Amino acid sequence: MSDLHISPSLRYIGVDDTSIDLFESQYLVPNGVSYNSYLILDEKIAVMDTVDRRAAAEWLEKLKNELAGRKPDYLVVHHLEPDHAGSIGLLLEQYPDITLVGNAKTFSMLPKYFPGDYAGRSVTVKEGDALSLGAHTLTFVMAPMVHWPEVMVSYESSEKVLFSADGFGKFGALGAEEKWLCEARRYYFNIVGKYGAQVQALLKKAAGLDIQTICPLHGPVLREDLGYYIGKYDLWSRYEPEDEGVLVAYASIHGNTAQAAKKFAEILEARGCARVVLADLCRDDQAEAVEDAFRYGRMAVLSPTYDGGLFPAMDHFMAHLRDKTYRNRRVAIVENGSWAPAAAKLIRGYLDAMKDIEICPTVHTIQGAVKEGDITVLEQIAGELLA
């Protein structure tokens, strides 16, 4: 995949990064990540985005080899985030005559990362503008806030290729043997998930194009069963549950709340719940817990009170759900507090600020260890959650 020729004229020149531990310094990427860049060889040559500066040396060497002595005419900047635009400065040093292609927001933001005057070496495009390379023509489609304000995508009509920026991307290096769905879903909801309305707007524009290949900025090039991938993005960006099931997300200080969460999961399974996923927010990958919160239509959150507030792991989780526009779900709340319990009230405060959240009527307080009376109430809450 690292040496992929998508066609005789369209080359993959991206780089796998398997040494990175945290994407955006917050998301675990055990299988690394790919920084995708492409090259269109025609009468005019276009480089489609750069890569993170971490991978610049390997990328520049790949570019040089594919150019085979020629010089690139254009650099198309679909997205200015440093994992894609981090090598622009180095490219300009190596090919000082190259012309940058972007939109008005691209060029208003570019000097913040690479100070300089781009007036004589740039082409500013807007919605529907086209750039001819010879046999290939790029048409530009604006995609603001998917997931930065300057984002755009481009469509190459002769080969029917959509260069989709961060859309349809995933965590994981191309060399990793893993299916697309899980890491694409985790990527979507944690990186792009807040901007469902903007994704819907882009999908409506894309529906009018004859797309046979999708070239994202992370993850594999997609060329088969494109309706599957587009369908997932449509579902995710509408905030609709993907699968039947319940996420039981809990935080526990000394193990009592964990005991309650595991018992609650057993009760759900005994009631025939199709799938129950337990997430220990103190130890498990919170990005995966966020992914599962959006994947399933129901969630239970169980947390102790801590220093008069919400236990930090749960507070972080709820804040992330709020920031990623969690909505259209049914949620059960269970708190634990030996004195002055406040967790349920604080969790509810988060949920009340979200849209289309149905909170189960019974909100239970466990006081310390789980007792028989607590289990009886958990049974009641399970019934409400699954109703």
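Strand β16 and strand β18 (residues 296–306) pair in the parallel sense over 6 bridges; strands here are DSSP runs of E with at least two residues, helices are runs of H or I with at least four, and both are numbered from the N terminus. Two strands count as paired if DSSP finds at least two bridges between them. The model is a predicted one, in which local features need pLDDT of at least 70 and side-chain atom pairs count only at pLDDT 80 or more, while totals for chains, interfaces and linings use all residues. Residues are numbered from 1 along each chain as its sequence is written, and side-chain values use heavy atoms, with hydrogens and water left out.

Let's stay with β16 for a moment. Valine 248 is a handy landmark: opposite this residue stands alanine 300 in β18, and in β17 its bridge partner is leucine 278. Strand β17 (residues 276–280) runs parallel to β16, joined by 5 bridges. To get from β16 to β17, the chain passes through helix α8 (residues 256–270), and this β-α-β crossover is right-handed, that is, with the strands pointing away from the viewer, the path from the first strand over the helix to the second runs clockwise. Of the 8 residues of β16 (residues 243–250), 6 are buried, so the strand is largely enclosed by the rest of the structure. Buried here means under 20% relative accessible area, exposed means over 50%, and partly exposed lies in between (1.4 Å probe, protein chains only).

Now turn to another sheet, an open one of 5 strands in the order β11-β12-β13-β14-β15, with mixed pairing. At its edges stand β11 (130–132) and β15 (213–215), each with a single partner strand, so one side of each is left without a neighbour in the sheet. Strand β14 (residues 161–163) and β15 run parallel and are joined by 3 bridges, and valine 161 has threonine 213 in β15 as its bridge partner.

What about the nonpolar interior? A nonpolar core is a set of buried Ala, Val, Leu, Ile, Met, Phe, Trp, Tyr and Cys residues joined through side-chain atoms within 4.5 Å. The largest core has 99 residues, of which Ile88, Val301, Phe317, Met318 and Leu321 touch the most other members. Helix α5 (residues 180–192) gives the most to this core, with 7 residues. Leaving aside residues up to four places away in sequence, methionine 318 contacts Val301, Leu310, Ile347, Tyr350, Leu351 and Met354, where contact means heavy atoms within 4.5 Å. A second, separate core of 24 residues includes Ala258, Phe264, Ala265 and Ala332.

Finally, the charged pairs. A salt bridge is a side-chain nitrogen of Lys or Arg within 4 Å of a carboxyl oxygen of Asp or Glu, and by this rule the count comes to 20. In one of them, glutamate 242 meets lysine 232 at 2.7 Å, N to O. Glutamate 242 sits in the loop between α7 (226–237) and β16, lysine 232 in helix α7, 10 residues apart. Both glutamate 242 and lysine 232 are buried.

Arginine 295 belongs to helix α9 (residues 286–295) and aspartate 243 to β16, so the pair ties together parts that are 52 residues apart in sequence. Aspartate 243 is partly exposed, with a relative accessible area of 30%.
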